Each structure stands twice: as C-alpha cells, then as structure tokens.
There are 2 protein chains.
Amino acid sequence: MSNEIKLTPAFLEYLEECLEQNRLPEVLQNIEDLHAADIAEIIDRLDVEHGRRLLSVLPKTRSADVIVELDDEVRQLLFEEYSASEIALDIIGELDSDDAADIIAELPEERIQEVLDNISDEHQAREIAELLTHEEDTAGALMAKELVKVNKDWKVMRCVREMRKQAEEIEQVHTVYVVDDDNELLGTLSLKKLLTTSTKTPVSEVYHPSVVSVNTDTDAEEVARIMRKYDLVVIPVVNEKNQLMGRITIDDVLDVMAEEAGRDYQMASGLTQDVEARDNVIILTKARLPWVLIGMIGGVLSSRVIDFFDITLFPEMALFIPLIAATGGNVGVQSAALVVQSLASEGGFKDTLGKKLLKDLGVGLLTGVICASVIFLVSYAMGYGYNLAITVSIALISVIVFAALFGTFIPLMLNKINVDPAVAVGPFITTTNDIIGLFIYFGIGRIIMM
Amino acid sequence: MSNEIKLTPAFLEYLEECLEQNRLPEVLQNIEDLHAADIAEIIDRLDVEHGRRLLSVLPKTRSADVIVELDDEVRQLLFEEYSASEIALDIIGELDSDDAADIIAELPEERIQEVLDNISDEHQAREIAELLTHEEDTAGALMAKELVKVNKDWKVMRCVREMRKQAEEIEQVHTVYVVDDDNELLGTLSLKKLLTTSTKTPVSEVYHPSVVSVNTDTDAEEVARIMRKYDLVVIPVVNEKNQLMGRITIDDVLDVMAEEAGRDYQMASGLTQDVEARDNVIILTKARLPWVLIGMIGGVLSSRVIDFFDITLFPEMALFIPLIAATGGNVGVQSAALVVQSLASEGGFKDTLGKKLLKDLGVGLLTGVICASVIFLVSYAMGYGYNLAITVSIALISVIVFAALFGTFIPLMLNKINVDPAVAVGPFITTTNDIIGLFIYFGIGRIIMM
C-alpha cells in the first residue's frame, strides 16, 4: 500500500452536505491537507456550483494548482463564471508558463486575448503568447519557459549565485543548461558536478557538451519516444538556430503517452471519442454508435454476399459462416495491431513494405495450414460431409492468408498517407475481412459443392 | 526534428562488414559518440557473435550501460559466453542497484548466487541481494538503493557537505530525503531550498514534512498511477515501519506503463505473448495461434447452434448471421474496453457494480433500439420480408443489450477474482457473444418464422 489519500463516496457525500449548508470552515478543514490532485478529483465529481464553492475556500496559490489538475470539461464549466481578470490574476499568475498556456488555449477564442491583456506580469504574458503560437501536440506547445541556464564563460561560483536567483521563480530544478552569448544550447551541467567542483572552475571545463534536444515543431509522440529511449526526465527544446527555447518535463510526456495509448486502445475497441465509463448514457452511446453502425453496414453487405450466392442452394454452408468471419477478423486485427505497435516503437532500422508483407505471408500460411487441418478433421468428425469439410478448409487458408496481408497492408498504407494507423485496428479490419472472407468462402463453396 | 541519431540499414550493413573483417578500431570510431541506447539498438539487430565483438571494443563503463539497454533476449544470449566473475565485475560493478538486480534476476537460477558471490563490493552485493527478495512487479523490485538522504538534525551546511560525499556515487540527484535517526522517512528537502537558505539553518526548519511514498510491496502499476497522478519524477519506497528503503525514478515507471499499455493492446487484439513485428515467423505464429484457435472453437460451437436450430428450415436466416455476430462482438468489446480503462485510471470514488450495469443497460437499450430501427427499414427495403425483418430487429436489440451487459460484467468479475480484466477484451468477448447472439437470433427466429 502507498500512503496516497483514499477518497470514499461517503467522504464525498459529507462534503456535499457541508457545501450545501455553507459550512465552509468545516470544508476547508477537511481538504486543506490534501494534494491538489486529490482536491481536483473531488471537484470533478461535484456539481459545478458545489465545485466553485469548494474552490473559493482555498487560498489562491492552492486553488490555481487545483484548477490545473481538473478535468478539462469541468474547468471550462467553472471558468464560465470567472471574469478575464480573475483568470489572469488569480490563476494564470500563479502558474508555470506551460500550464498557463494550456489553460488559456482551452478558452473560447474571444476570451484568450482578453485574458492575456489582463496578465499583470508583462514578461509572463509575452512568454505565454509565444507558447500559444506553437501548433498543438508539438514540443513547442508542450514546453515550459521556466528553466535554469548558465553561460559557458561563468565560473561555478557565479553559476550557483545566478541559479539561486533563477531558482526563486522555479518550482523544481531539473537540469542546468549551458548556453553561449547567443543563447545557443551547448550542453548541460549536472548538479552533481556543481556540488563537487571547486567554485573557481569555469563552466566550460566541467559541463557535459552533448545533449539530446528536440525542436519546437517535433511531434509530441516523438518527444515521448525519445525521452523514453534515452531515459530522460527533462528534455530541452530548441528553435531552428539551436537556441534554447524551453524544456519539457516527463510528467507532461506521461500524459501524452497515456492519452496515446488510451486512444489506440479505444480505437481498437471501436470507441470513436475519448470517453470514460463515468460519462453519461447519451455521451457513451454517441461514442459507441458510429462503429456499431459501420459494423452493421458490413453485416448488411455480408447478407448481400450470402444472398448473391443463393444460400438456399447449399444451406449447410451457413453453419461455418461465423467460423470464417471470426477467424478472418481475428487474424486481421492481430496483424494490424502488430504494425501499429511496431510503427510506434520503431526507431532507426525499418523493414521494407515487401519484407513485412512477406513475413505476414509466412505467418498467414503457417497459421492457415494448421487451422485448416484442424477444421477439416473436426468438421468431418462432426459428420458434415467431405465436400463441406474440404470447402471450409480451403476457404480458411485463403481467408487467413488474405486477412494477414490485408491487416498488415492497411495500417502501413494509412501511415504513409499520414492517417493514424491505429484506426485500422478493430471494427474496420474485422468488418472488411467479414465481407471478403464470405466472398472467398462462398466462391470456393460454389465450385466444390455444386 | 530532434537531434536524435538516425540509424539506417546502410549503417548497420557497414558495421557488420567491419565486424566481419575485424576492423575494430573503425567500429569504435563509428560508435563511440553514440548514446548507449543507440548502441544497444544496433546490437539488438546484429547476430550474437557480431554483437559480442562490438561490445568488446567499448570501455567497460560504457559496455555496462549498453548491456542495460539491450533487449532481454539478446542480453541472455550474450551472457551465455560470459563467466560469473565477468558479469559481476565488468557489468554489475558498473551499474546502479536497480539495473544490477534486474539483470541478475534474469539469469538462470543456478548462476544468480554465483554472480552475487563474485561481486567485489560487499555493500553492493548485500543491496542487490535485498532487492532480489522482493516479488516481481512490486515497488521493492523496481526501486534502486542509491539516494541522497540527510538527517533532520543537520544544518544546511552539513547537508551540502554530506550530499557532496553521497553524490560521488550517484549519477543524478533527484530529491533529497529527510530521515530521523531510525531512518524513518520524514519528508523532503528541495534543492531550491538548499540553494536559497542560509547554511546555518537546521534541516528541520526548512524541509517539506509531507511526502507521498509507496511501500515495498505496492504493485508496480499502482506506483505508476500514483506517480502520474501527483506528477512525481521520483518516489520514495518505505518498509512497513516507514523506514526509507529506496526510490523509484520515473524512467522505470515509464517502462512499466508502456509494457502495461502494450499488454492490454496485445490482449485486445488477440496476441497471447509479448511479440514484436520483427520477431520471426515461428514466434509470431505461436503468439497468434492460441486466440485464432479459440476463435475457431467458437466458430465450431456456432455451427452447432445453427445446426441445432436446423438452418434448412429457414435458410434465409443465414443472411443476417454475420450482422448479428459482428454487432454483438463490437458492442461487447466496447463495454469491456471501457471497464478495463476505468479500472486502470480509477482513483478513489468507484461506482458500484449495480450502477455500472444499470448504465450499460441504458446504453445497450438506446443503441439497440436505434440499430434495430435502422435494420428493420433496411432489410424490409431490401425485400427480405416482414418476418425476417422483425426477427432480425428483435434479435438485434436483445443481442446488443446482452453484449453490453456481458461485456461490462466479465472484466469486472475477472478483476474481483484478481485476473487481469484486459484478457476479457478482444477475441474472448467476441467469441462468446457470437455463440450467445446466434442462440438469441435463432431462438427468436424459430418463434416468429415458423
């Protein structure tokens, strides 16, 4: 067990009662020792009015921290009652530039400038405005401006003095960056070196001259991959002239990773919007209906295929429709998922399309032959007759090989044309394979059974 | 773009040629400036003999760093040629305790003690042996012993002096922990405070007295959730007496998170082992075959259901078999995926089973009624007749409602009995829903059509 605070439904009800009856000192007493993330979790569960009242009992620095941790939608609801100057002074003024920019970016277009104009610290306003110019999901949009940097010509003594000054404004010192007079990033100075070197040594003699950096326009998922690969807690962001523009810390990247994994998972399972189990029935149904309907279109098309081959001529073929459809779907989804994962993790060396397809041909053939042999014996043993058994077996090999190749090809193709390959996994592949699998099955059946 | 090194297939071929012809100084020249993670990526792609030769050109400190970054399987192959003392002295001796313990834990049972006996630094050997006692995937197994701690009674001056000493052995100082004479964890001292406080202040006056910690037996995924929730870069690990035992850094937790997401994704897509697209055909087929075969068992059982209801009596019902099966499958997988995601992210407040099922009943009914209306009109318009249209529509509502409830219930039940609920998503739910969906469809058909 950890010493994380356990929040219970009973505690929530108790708080609601206190808020309802305006027993605010009692509310404060119960939450003041909680972590901002825990208070945010409570507000996420309360209705907006109660949430607002709860926030009002907290000191400003704390309520700003809590607001950062809130669910986006809850925050937007809360903000409807805040004036631009309240947002600028009470909240933005208390935050790091990256959090501040994220929160401002969520506001309705017309309020953004209004809030920026109300920020009292001009330097902060300029920094936030700069961060807002970067495209979403790039390193520039993810970075914070707060960092500790020293000049390569300084001595360690001056570094420590300057760092004390800079550190006043910064929550946590992660890495000390070394730059030249043009703010060009040269390397890093480890805190360990700083602690263990004589104060008269110049920085240029002790800094580490190589540092992995990303550019302001590097994709957020790429930033995550690089930080994970090199085990980085913080990564510097530079512009095209290699000038130090900001830094990204791992917690922001964790959120990117988790969102990405969640999105892939949701796509694989046929959810078209980012939903959570605690959303309401209408939102959930709206997120789920599109794929279900697409699956149904597939089902209707499948019915046309079966009708086209006139099932009444050989009704016993109906028996293996589920087998053919399910197997094609399963194999296709496996292939597609492997492609999606390898595209996400692949660093330098990449197999060519031909090599990938050739391998999946091998896997498909091997799997197909094994499955076909099994089903031949089983269906024959169940007394379905030789013709049906041979039809199902041949169809199964063909369907599996097709599904393996198709499942590999589609996500690769989507990736080529810059569509997220993860959309291919799940219902799309299953549905297409259903239809084509049935075509193959009945096509072979017509030849063998008639 | 980032300034990450780009590794190309051509570069790999060139290195292979150099290794083949024993042009080792040329190899060294080409790789010595690369990051350990990049060199590891190269070795992962080489055959074992070449990989071993490449490692041999690196200085010991560097080759140890590279070995940590290797793929588990590649490392195990390499180690076959290493003696226990080589592993202990050249590799383990150069590593942090957590990496050292991880690598030793992978060794065959009989070599573990042999390697431990060969470690020259007794203190390190004891630390590693202690780490090895913790169960896999717990905080204890994940943590490292290297950390910087200070006593609450020290003055800031002494802290800095002691930290210099401790830091000598530690790669990176993340957080300074404050303990009492019994090594009980009291809080943390921020580097910022240390930089900005007079050297004569006692630690007890400036340290932060509250810190989120985990216990040695906290589950790794739980550690990841907590670090993400509280935006932590490093978290202290304590024993049952709240004594400071070690710390876990975010990079190790990132790997846990990525593995977890990958595993869930693979399960949802029917891969039964952790495989990558670059594994060979046999390994890939072995990972894929189990689910395909389970899907086939489902297919065979489905054929029994269809046979049981004697399809020859109403062969036109075959037309909508794919529709019923696909829709049931899709809806079930959606429900299950939502449960899996909510179980993973849920902190304090949890809905009761009844509330969850009730909500899914709502979603199922709404989705079912919409889908059934659509399919009634479509199938009637396509001229399939009133009886079939009404059969399909009623069956569809029933199948969707059943699938939604079943898809919610199964992962919740698995979670209750401590089985990873993610196994429910994907082929398992699809297959079960296929069979039960057909039963419902033909059951209703028998009543209406005959």
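This is a predicted model: local features need pLDDT of at least 70, side-chain atom pairs count only at pLDDT 80 or more; totals for chains, interfaces and linings use all residues.
**Entry 1: the interface**

I began with the contacts between the two chains. On the chain B side I counted 128 residues, and they are in contact with 128 residues of chain A.

**Entry 2: polar links across it**

How many salt bridges are there between chain B and chain A? I found eight. I also noted 22 residue pairs in polar contact across this interface, both residues of each pair being at pLDDT 80 or more.

Then I asked which part of chain B gives the most to the side that touches chain A. My note says helix α17, residues 281-308, with 18 residues. Sorting the residues on that side of chain B by kind, I got 69 nonpolar, 30 polar and 29 charged.

**Entry 3: one salt bridge up close**

Over all chains, the salt bridge count comes to 32. I picked out one pair to look at: A:Arg288 sits in helix α17 of chain A and B:Asp360 in helix α19 (residues 353-381) of chain B, so this pair joins two chains. I have the closest N and O atoms of A:Arg288 and B:Asp360 at 3.9 Å apart. The cut-off for a salt bridge is within 4 Å, so the pair counts.

**Entry 4: symmetry**

I superposed chain B on chain A and got a rotation of 180° with 0.0 Å of shift along its axis, at an RMSD of 0.2 Å. The two copies are therefore related as by a two-fold rotation axis. Both copies use the same surface, as 100% of the contact residues of chain B recur in chain A.

**Entry 5: aromatic rings**

Why do I call A:Phe309 and A:Phe442 stacked? Their ring centres are 5.8 Å apart and their planes are at 20°, so the pair is stacked. I checked where the two residues sit, too. A:Phe309 is in the loop between α17 (281-308) and α18 (321-345) of chain A, while A:Phe442 is in helix α21 (residues 427-449) of chain A. They are 133 residues apart, so I wrote the pair down as a link between distant parts of the chain.

Technical notes: Residues are numbered from 1 along each chain as its sequence is written. Chains are lettered from A and ligands numbered from 1 in the order in which they are written. Side-chain values use heavy atoms; hydrogens and water are left out. Contact means heavy atoms within 4.5 Å. A salt bridge is a side-chain nitrogen of Lys or Arg within 4 Å of a carboxyl oxygen of Asp or Glu. A polar contact is a pair of N or O atoms within 3.5 Å; within protein, one must be able to donate a hydrogen and the other to accept it, and residues adjacent in sequence count only if both atoms are side-chain atoms. Helices (H or I, at least four residues) and strands (E, at least two) are DSSP runs, numbered from the N terminus. Ala, Val, Leu, Ile, Met, Phe, Trp, Tyr, Cys and Pro count as nonpolar, Asp, Glu, Lys and Arg as charged, and the others, Gly among them, as polar. Copies are superposed by least squares on the C-alpha atoms of residues with pLDDT of at least 70 in both. Rings of Phe, Tyr and Trp (its six-membered ring) pair if their centres lie within 6.5 Å; planes under 30 degrees apart count as stacked, over 60 as edge-to-face and the rest as tilted.
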